[in-house]
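Here are a few friendly notes to read alongside the model. Take them in order, with the structure open next to you.

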There are 2 protein chains.
Amino acid sequence: MSATNNGVPGGMSVELDMPVTAEEHASCPVTDVLRRVGDKWSVLVVVVLGRGPKRFSQLHRGIEDISQRMLTRTLRGLQRDGLVDRTVYPTVPATVEYALTDLGRTLLGPLSVLTAWAVDHRPDIEEARVRHDAAGNPGADHGVSRA
Amino acid sequence: MSATNNGVPGGMSVELDMPVTAEEHASCPVTDVLRRVGDKWSVLVVVVLGRGPKRFSQLHRGIEDISQRMLTRTLRGLQRDGLVDRTVYPTVPATVEYALTDLGRTLLGPLSVLTAWAVDHRPDIEEARVRHDAAGNPGADHGVSRA
DNA sequence: CGGCATCCTGACCGATACTG
DNA sequence: CAGTATCGGTCAGGATGCCG
């Protein structure tokens with residue numbers, strides 16, 4: 001982002017109205033990436049694999065809250081996107097090892113930035129959330145269910 | 001990253017087995033944050049608001065693919081988490097302005113890193129995806145539908 | 001050990017319609 | 001203009017059970 005832009009409130013909006021336009025509407029790929037990484041487990045798996053190759057069981061143990069189904073699914077998706085590499089050893093009970101690819105490794109940087117932000121500002125978010133909830137607001141549920 | 005770790009495959013895993021353990025299991029807040037930011041519109045709204053305060057209509061116009069419902073919902077969520085600020089002007093037809101809070105603004109940095117990565121590696125991902133798909137793999141659908 | 005198949009629930013998201 | 005309410009579709013994701 002080289003958006004060396006303004007900061008002016010609601011007054012004159014120059015080209016600030018256009019449909020997010022070309023460059024910054026980099027949101028197309030961004031949304032795409034977020035939908036891959038934004039799921040419940042992908043990030044976790046990538047981070048864990050960032051510490052070195054692991055076997056299926058190791059990953060399953062290392063995350064623990066994940067089910068085989070989700071682990072397999074996440075791994076498949078990551079593999080499909082060229083982020084992880086799968087190696088099968090024709091041993092007796094079958095041994096499979098997963099590892100980050102070069103591409104997958106490049107994700108670790110941006111991810112660490114985001115995780116750092118998350119860790120750093122989680123309390124603020126939670127505080128704001130509690131305050132908002134404590135106010136006259138109808139609660140956290142904003143309208144999906146509620147009979 | 002600072003993870004100057006090993007690279008050894010399935011051999012000796014020192015403390016690499018623990019449930020992601022304390023520090024790096026920053027995944028608790030991370031997951032939390034990702035579920036807020038990982039949805040379809042939050043990032044987009046934050047980025048657009050990063051260019052300055054906007055009114056509801058402006059946002060609606062600026063993103064265009066979003067419905068009022070989703071825009072409202074996204075804004076509510078962001079507001080609840082203290083990322084955006086809502087200001088109502090008691091004019092005749094009612095005027096509301098949304099703006100990023102300080103907290104919200106701190107997100108712009110990490111977000112830009114991630115978006116940069118996304119833009120930079122999208123082609124790689126897509127290529128890997130196509131290749132994976134072109135191989136003997138059963139296709140993109142990894143098992144949800146498919147009668 | 002590693003993985004796939006099936007069923008089911010709930011969250012997310014979109015289109016439409018109606019209110020202040 | 002700004003927002004809520006309702007309906008319906010789609011999909012992530014959890015539980016279980018079986019196969020190599």
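1. Chain A has five helices and three strands in its secondary structure. Helices (H or I, at least four residues) and strands (E, at least two) are DSSP runs, numbered from the N terminus. Following the sequence, the pattern of chain A reads α-α-β-α-α-β-β-α.

2. A word on where this comes from: this is a predicted model, in which local features need pLDDT of at least 70, side-chain atom pairs count only at pLDDT 80 or more, and totals for chains, interfaces and linings use all residues. Residues are numbered from 1 along each chain as its sequence is written, chains are lettered from A and ligands numbered from 1 in the order in which they are written, and side-chain values use heavy atoms, with hydrogens and water left out.

3. Of the 147 residues in chain A, 42% are buried (under 20% relative accessible area, with a 1.4 Å probe and protein chains only). The accessible surface of chain A is about 8100 Å², and carbon and sulfur atoms account for 54% of that surface; the areas come from the Shrake-Rupley method with a 1.4 Å probe.

4. Now look at helix H2 (residues 42-49) and helix H5 (residues 102-134) of chain A, whose axes come within 10 Å and cross at roughly 110 degrees. Axes are lines fitted to C-alpha atoms, for helices over the stretch in contact, and angles run from 0 to 180 degrees between N-to-C directions. H2(A) and H5(A) are therefore roughly perpendicular to each other (65 to 115 degrees).

5. Two strands pair if DSSP finds at least two bridges between them. E1(A) joins strand E3 (residues 95-100) of chain A over two bridges, and A:Arg55 stands opposite A:Glu97 in E3(A).

How values were computed
Angles under 35 degrees count as roughly parallel, over 145 as roughly antiparallel, 65 to 115 as roughly perpendicular and the rest as oblique. Buried means under 20% relative accessible area, exposed over 50%, partly exposed in between (1.4 Å probe, protein chains only).
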